[in-house]
Amino acid sequence: MRTLARLLLAAVSAGLLAIPSLRAEEPGSVVVVAGHANTLAMLSREEVTRLYIGERLEGDKNQLKALELDVPPWAREVFYARLLGRTPVQMRALWARLVFSGKGRPPRIVANVDAALKELEGNASLVVFMPADKAAAAQLKPLFAF
Amino acid sequence: MNGSGDQCGSVRHSPVSTWRRARRLAAALILGQAAALAQADEGGAIQVNGFINAGLARSSFDDARYKYIPTADADIGTAATPRVDTQAGLQLRYVHSDSLNATAQVLLRDPPSDGSPLKLTWAYAGIQLTPQIEVKLGRYMMPFFLFTDTRNVRYAQPWVRPPGEVYALVTNTEFFDGAYLRHLTPLGPWSLATEAFVGANRYETLRASLSGTYYGMAFTLYDSNWTFRVMAQNGTTQLESPAFDRVLALLQQRAPDVAADYAFAESSNTGYLSAGLRYETEDWLLLAEVAETRPGDSRLLASDTGAYLTVGRRFGDWMPFVGYAARRSHNTEADARITDPLASATVANVLAQQNYSQRTVSVGLRWDLVLNLALKLQLDRVQPSNGAKGSFTVPLPAGQTHSDVFSLAAHYIF
């Protein structure tokens, strides 16, 4: 029992060290984009919302999957605050309910913009949010913008 | 933390090394190297998630100890105890493809009655029939109330524990074996989730064994801020209780005219009705639910109505909240038709033991110390109704109207 307690304490402690601050560092403009091969003209706010709470869309958009960008950290906070009026903590609680009831999964996370761009070009079904200037630099058309 | 995919529980499949990678991943999770929820489906991936609840609670009395779930063993006296609020869960999910996955979830907890502290509470094959329809076949938890299927994932709730006036109505039920279907319908900015479920279960309480087959439906309408939910479940319950056997035998002997009304071995039309409301913005959280149990045809079993209202306000990483909850047990009065003194007193005592009527006023504070870890304090003032035992081992001491339950907890997910 003591060993189990130590393991739990170690898990929590190490988790604390690995978790970044909750605070946004800076505001910014965020857009949702897909790869060049994607022929979609746009996405509605409702569709983006559904994608980012783990739901699938209907019709010709049913193959779309959302990615989440880890860097820069403010992008996620701005995105979820503007899309859903949620903080990262609230999103974590939402996903916890979905994950442990088997009703959904949070979007897969990509580590940086370059990795996101590479994924988008390799799979036309993926969409990701990113800073507007990064999308413009990669000549990606915004499907949804805040 | 939201790290890269490799850090967060998704590993690519290869026939040779999947199991070894899964073991390494599990070890990394135990060591806290990955502190994020495993992410969306990747074909051929194993995903690992878990939660840890560490809590202590104490109440005002040792003779009338507080029981969060009256039919469970664990109770809370004046010495702080971790028994009620300490659990850990681990979920393993294998994603074969976009349309097929397998999920297992084990729960480590103080068992509600005799048995192992480790329980397989979820084990199902998930089949995505269409983008909007998913079916689960196997072991799962029926979604009676807003948080029933995630009631042990305390991180995802504002409280130290969900209000017992509603959530203790599920008694010792931890899972059902059967089938579950969920259909999502987009309605403009709203979504309608229709859930249909059927399953069987068996569980033990302090004095009885219950089993049954049940079916139900739930409709949940939600948008970014609002959630409205209604649920109905019904079925047939088989009850084995040596104590009730003796009561029924006594009635058959001393009050044969009414004994049939107290037969309990098999009851049809047993189940729950519930309605729930959730409103959440970046600053405010409002939760309200009302639920009702139907014990079936037997006069020997009481029914209950429970409800709660919780309001929280966020200030950055802090969220104070207040709550009010009430439970009313019905049909707990003595049966005037029974004229035999011994039979009347015996039945009255059995029914009085099922009178859980009470109300609870709660104040609490949640502090999101970091993204995946919340610390919580909660004070519940629990006041049984006049003459009722409420959620206590025995009625409160003479002259006492309430018991204060003080709780402290840390809730962590990965």
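Q: Which strands does helix α3 (residues 73-84) of chain A lie across, and at what angle to β4(A)?
A: In this predicted model, helix α3 of chain A lies across β1, β2 (65-69) and β4 of chain A. Helix α3 of chain A runs at about 110° to β4(A).

Q: How are strands held to their neighbours in a sheet, and in which senses?
A: Strands of a sheet pair through backbone hydrogen bonds, in either the parallel or the antiparallel sense. Here, β1 (residues 30-34) and β4 (residues 126-131) of chain A are antiparallel partners, with five bridges. Look for A:V33, which stands opposite A:V128 in β4(A).

Q: What is the strand order of the open sheet in chain A?
A: Five strands make up that open sheet, in the order β3-β2-β4-β1-β5 (chain A), and their pairing is mixed. At its edges are β3 (108-110) and β5 (142-145) of chain A, each pairing on one side only. On average, neighbouring strands of this sheet are turned by 30° against each other, direction ignored.

Q: How many residues lie between β12(B) and β13(B) in their hairpin?
A: There are four residues between them, and B:G316 in the turn has a positive phi of about 65°. Strands β12 (residues 303-313) and β13 (residues 318-330) of chain B pair in the antiparallel sense over ten bridges. B:S303 is found opposite B:H330 in β13(B).

Q: Which strand do ten bridges join to β13(B), running antiparallel?
A: That partner is β14 (residues 358-370) of chain B.

Definitions and conventions:
Residues numbered from 1 in each chain as written. Chains lettered and ligands numbered in written order. Predicted model: local features only at pLDDT ≥ 70, side-chain atom pairs only at ≥ 80, totals over all residues. Pairing = 2+ DSSP bridges. Helix = DSSP H or I, 4+ residues; strand = E, 2+ residues; numbered from the N terminus. Axes fitted to C-alpha atoms, helices over the stretch in contact; angles between N-to-C directions. Contact = placed C-beta atoms within 7 Å.
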